[in-house]
Amino acid sequence: MYNAKAYSAASAKSLLASTTIARRDPGEHDVQMEILFCGICHSDLHQVRNEWDNAMPTVYPCVPGHEIVGRVTKVGSAVTRFKQGDLAAVGCLVDSDRTCPECQAGLEQFCPNLTLTYNFPDKHLGGVTYGGYSDSIVVEERFVLRVPSGLNPAGAAPLLCAGITTYSPMRHWCVTKGKKVGVVGLGGLGHMAVKFGHALGAHVVVFTTSPGKKDDALRLGADEVVVSRDSNQMAQHTGSFDFILDAVSADHDINAYIQLLRRDGNITLVGAPEKPLAVAAFGLLFGRRSLSGSPIGGLPETQEMLDFCGANNITADVEVIPIQKVNEAYERLLKADVKYRFSIDMASLRSE
Ligand code: NAP
Ligand code: ZN
């Protein structure tokens, strides 16, 4: 065991503050990384503030962070895919049972015995897992991803959650050339969905509550932008979408988007607001439309997404911040004021 620097929250009402946590010494299958950058996901904020009390209550102290890019500092004797000095990445998963049908299919995100990167029972040290707001982490090789060379590490970090969480449902629901695809909410996830939708050849329409994001949406690859508070603009798209990805972090009227789907169209929720969303039955019945959800992605698809980003030169648009600004960044997330992902430079933690 060794001590690592980290930022943790002591309670749902506490600010994140500097602390020291225990990490395990790397075992024979483990990779130890010096964390270079960690993205700030809105899930970090939900979890730190215990907003998912019913589904995933928070255990304190909580060290969030699951968009991790780092430099390998040590590998165990049985590790074959990484060596000291490699750039590597860790996302939302750090363990699963490997034997269930989901794991066998490479869909570890559905494993009944998965371990998330933070706030999940830590099999090695007891207590809960601690995430990437830290200067180092130790993860079993199987859960470590390769970062394609040429990708900027600060902008690559958010691919590990915002990237895979949007890429996976877009692939599952066959977003391709000729499809009309909506993206609701131009935040961290939403802006990645726009980039992927564009790269996959779809006609992408962004729905935003922030008129000031219009030019950015077009620059990111959207073909059209709708200010969702304008009902006339919304009505022009009734019954026309093959697929809509809803990446909104707060309560909103999902029925307004269900109406925009064509027959057999699908809207997938990736956003995880604190409170349940009300769904009107008739919006789904008429048109045989469907509503579904999607969590992160499995390891093979996460690597596929990273390689796709390498081939297409896709990274997140990031605002790099020192970790000392993390509490300020959370307040800005709540105001939808991020362009379009905060990425924490962990050099700021090392020099504290
Ligand atoms: P984010 O960067 O804060 O973006 C959320 C966006 O939602 C905002 O930029 C804003 O876009 C829109 N929005 C915010 N409040 C709104 C409101 N009251 N009404 C309508 N729109 C609103 O968050 P994120 O990191 O992308 O995460 C989005 C959600 O996905 C969070 O709930 C997060 O927990 C969840 N998530 C889920 C998974 C998964 O596995 N399914 C993975 C990661 C994150 P505009 O300004 O364009 O309106
Ligand atoms: Zn996330």
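Which helix does Met192 lie in? Met192 lies in helix α5, and α5 (188–199) also supplies at least two residues of the shell around ligand 1. Everything here comes from a predicted model, where local features need pLDDT of at least 70, side-chain atom pairs count only at pLDDT 80 or more, and totals for chains, interfaces and linings use all residues. Side-chain values use heavy atoms, with hydrogens and water left out, while residues are numbered from 1 along each chain as its sequence is written, and chains are lettered from A and ligands numbered from 1 in the order in which they are written.

**Confidence**

- The mean pLDDT (the predictor's confidence in each residue, from 0 to 100) of the protein chain is 98, and 100% of its residues reach 70 or more.
- As for the element names, helices (H or I, at least four residues) and strands (E, at least two) are DSSP runs, numbered from the N terminus.

**Ligand 1 and its shell**

- There are 30 residues around ligand 1, and the ones that come nearest are His42, Thr208, Thr209, Ser210 and Arg341; a residue is near a molecule or strand if one of its heavy atoms lies within 4 Å of it.
- His42 puts a polar side-chain atom 2.6 Å from an oxygen atom of ligand 1.
- Thr209 does likewise, with a polar side-chain atom 2.6 Å from an oxygen atom of the ligand 1 molecule.
- For Lys213, a polar side-chain atom sits 2.7 Å from an oxygen atom of ligand 1. A polar contact is a pair of N or O atoms within 3.5 Å; within protein, one must be able to donate a hydrogen and the other to accept it, and residues adjacent in sequence count only if both atoms are side-chain atoms.
- On its own, ligand 1 has 930 Å² of accessible area, and the protein covers 90% of that. The areas come from the Shrake-Rupley method with a 1.4 Å probe; for residues, only the protein chains shown count as cover.
- Helix α1 (42–48), like α5, gives the shell at least two residues, and α1 has the largest share, three residues.
- By type, the shell splits into 14 nonpolar, 13 polar and three charged residues. Ala, Val, Leu, Ile, Met, Phe, Trp, Tyr, Cys and Pro count as nonpolar, Asp, Glu, Lys and Arg as charged, and the others, Gly among them, as polar.

- Cys41, in the loop between β3 (30–40) and α1, and His66, in the loop between α1 and β4 (68–75), are 25 residues apart and link distant parts of the chain.
- Cys41 is buried at 3% relative accessible area, and His66 is buried too, at 9%. Buried means under 20% relative accessible area, exposed over 50%, and partly exposed in between (1.4 Å probe, protein chains only).

**Residues to look at**

- Lys213 sits in the loop between β11 (203–208) and α6 (214–220) and counts as buried, at 7% relative accessibility.
- Lys213 and Leu186 are 27 residues apart in sequence, with 7.7 Å from C-alpha to C-alpha.
- Met192 is buried, with a relative accessible area of 0%. Its C-alpha is 6.6 Å from that of Ala162, 30 residues apart in sequence.
- Asp135, in the loop between β7 (115–116) and β8 (136–140), is buried at 15%.

- Most residues other than glycine have a negative phi, and most peptide bonds are trans.
- The peptide bond from Tyr60 to Pro61 is cis, with omega near 0 degrees, and Pro61 is in the loop between α1 and β4.
- Lys339 and Tyr340 are also joined by a cis peptide bond, with omega about -15 degrees; Tyr340 lies in the loop between α11 (326–334) and β17 (341–345).
- Ile296 has a positive phi, near 25 degrees, in the loop between β15 (290–293) and α10 (299–312), and is buried at 14%.
- Ala336 has a positive phi as well, near 55 degrees, and counts as partly exposed at 36% relative accessibility.
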